[in-house]
Amino acid sequence: MASLAELYQSVIVEHDRNPRNFRVLEAASHRAEGRNPLCGDEVAVELRVDDAGRIADIGFQGRGCAISRASASMMTTALKGKTVAEARELFDRFHSMLTAGAEQPDIGKLEVFRGVAQYPMRVKCATLPWHAMKDALANEK
Amino acid sequence: MVTVSSLTGARAGFDTARIRADFPILAGTSRGVPLVYLDSAASAQKPAVVIDAMSRFYRADYANIHRGVYDLSERSTRAWDEARARVARFIGAPSPEGVVFVRGTTEAINLVASSFVRPRLGDGGTVLVTEMEHHGNIVPWQLAGARTVPVPVTDSGELDLAAAGRLLATRPLLFAVTHVSNVLGTINPIAELCEMAHRHGVPVLVDGAQAVPHQPVTVGELECDFYCFSGHKLFGPTGIGVLWSREDHLAAMPPYQGGGDMIDEVRFDRTTFAPPPRRFEAGTPDIAGAVGLRAAIDWLEAQDRAAIHRHEAELRDHAMAVLAATPGARAIGSAPEKAAVIAFTMERAHPHDIASLLDADGICVRAGHHCAQPLHRRFGVEATARASFAAYNTHAEIDALAAGLAKVRKVFG
């Protein structure tokens, strides 16, 4: 069982306090919102995808717990520069790590969220921004 | 922290150990450490006498009610009728005929919305509610087609009585108000509110879900029109609850659901209905639930309720002192008449993170909007963490909460 110390690793608390890319995008091409009706948390994810299908910029806004804010923050840094196909693939890997506890050797810094899998009630917090990102990609403005 | 430790000193007169011994689950663990259950406002734990009464009923006395002429069905029917009579005595109702068994407070309110408010709506109408209502006392009125207008709540978490008076003067169809707020803990002056409402000819429904477990309630003294509560918050089982209604209202109300047991005579061209309360109890009800509810009421009334009330007030004061001594913590709701329910926030720590960190130490608190989004909006927050207490909680458990909050501060400092 992952300890709470593992769940609230300093990196998660640090991203909660200083979230990266917490801003409105100038010229977003895609946007979607996610909402957790259980707690009222909400997140809006915006992306600018260039003609080559690459994520040129990504940002998020909203309010939520440390897990969801840190997850949104680290998602934006992980996805910037990736292609839309790569972003979708990373969604699947992140999702399966949290919901099925699947090993994801190349997931990099996102590994810090593995401990969340031990807390089913909190998995939604970590995946909320990812679902919003996936919805946004299906949602050209 | 000096105030806190001084509060945990000797307290004479209340034997929590004896009460706790009645609740098997409290001897258990959570996350490998002893369970600290601070979520009784969501649902109370069950004494062994409740669990045993239901088990005994299923093992020895169970059959459907009002159907068989055989002995077993008679015994089951008797258990059902006795449970109704026990509930009537418990809330000081003039007779058992005003007691309708439902699934819980939510169904009680939906029943009144459907059978009392909807037939009076015409081209629209208003149900006066309050800003501190649970969604269960807002949404049913909206679904019935009524407009919900709220009585405002003051900064200390009390109802604005002057505003209530003005709004009652507009003669809404009904005033639906909670007896005790599930977030603020505020105990509303129900008798006074009923008197105000009746002066304008407005009937009153009281959501008593948070009140009946913690204070004696006499519907005759409150002079309300409807009073509802759930079994599961009263140390009883889930799936059973009570709508008490003035009998003249019930007699004039159309059925809520159709089915077996609620009829007088069924024909294809014309069906007539049974008198209340059976008119409102279609289908096979939760018979064992009623047996369990009766056992819960028996258990509660065998306790020294005045002593429990004092004990809960001390737990509340202790927990409020802990929050006051925790930098960055803020309790929402400081009404002079406050039950042992405390919603709070902490700077930089989201309520879900507070609850997860406390959970690691086996401490169960609720986090979120507690089905009261308009109230949270009123206080400018999306969510709170909530600790709520019952007879079986101890001061040592509040010390555990204090230690847990110190850990939260350390992580989110």
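## Chain B as a whole

How many helices and strands does chain B have? In this predicted model, chain B has 15 helices and 17 strands. Its radius of gyration is 22 Å, close to the 22 Å that the globule rule gives for 413 residues, so chain B is as compact as a globular protein of that length.

Of the 413 residues in the chain, 50% count as buried. Now look at the contacts in chain B with a separation of 6 or more: 68% of them come from residues 24 or more positions apart.

## A closer look at B:S76

Let's pick out one residue. You can find B:S76 in helix α4 of chain B, which covers residues 71-90. Is B:S76 buried or exposed? B:S76 is buried, because 22 other C-beta atoms lie within 10 Å, and 20 or more are enough to count as buried.

Leaving aside residues up to four places away in sequence, B:S76 touches B:D61, B:Y62, B:A63, B:N64, B:I65 and B:I287. For B:E133, the picture is one of separation: it sits 57 residues from B:S76 along the chain, and the two C-alpha atoms are separated by 37 Å.

## Where chains A and B meet

Finally, see how the two chains come together: 14 residues of chain A are in contact with 14 residues of chain B. On the chain A side, α1 (4-7) and α5 (120-137) each supply at least two of the touching residues. By class, this side of chain A has 10 nonpolar, 2 polar and 2 charged residues.

Terms used:
Residues are numbered from 1 along each chain as its sequence is written. Chains are lettered from A and ligands numbered from 1 in the order in which they are written. This is a predicted model: local features need pLDDT of at least 70, side-chain atom pairs count only at pLDDT 80 or more; totals for chains, interfaces and linings use all residues. Helices (H or I, at least four residues) and strands (E, at least two) are DSSP runs, numbered from the N terminus. A residue is buried if 20 or more other C-beta atoms lie within 10 Å of its own, exposed if 12 or fewer, and partly exposed in between; C-beta atoms are placed from the backbone. Two residues are in contact if their C-beta atoms, placed from the backbone, lie within 7 Å. The radius of gyration is taken over C-alpha atoms; the globule rule is 2.2 Å times the number of residues to the power 0.38. Ala, Val, Leu, Ile, Met, Phe, Trp, Tyr, Cys and Pro count as nonpolar, Asp, Glu, Lys and Arg as charged, and the others, Gly among them, as polar.
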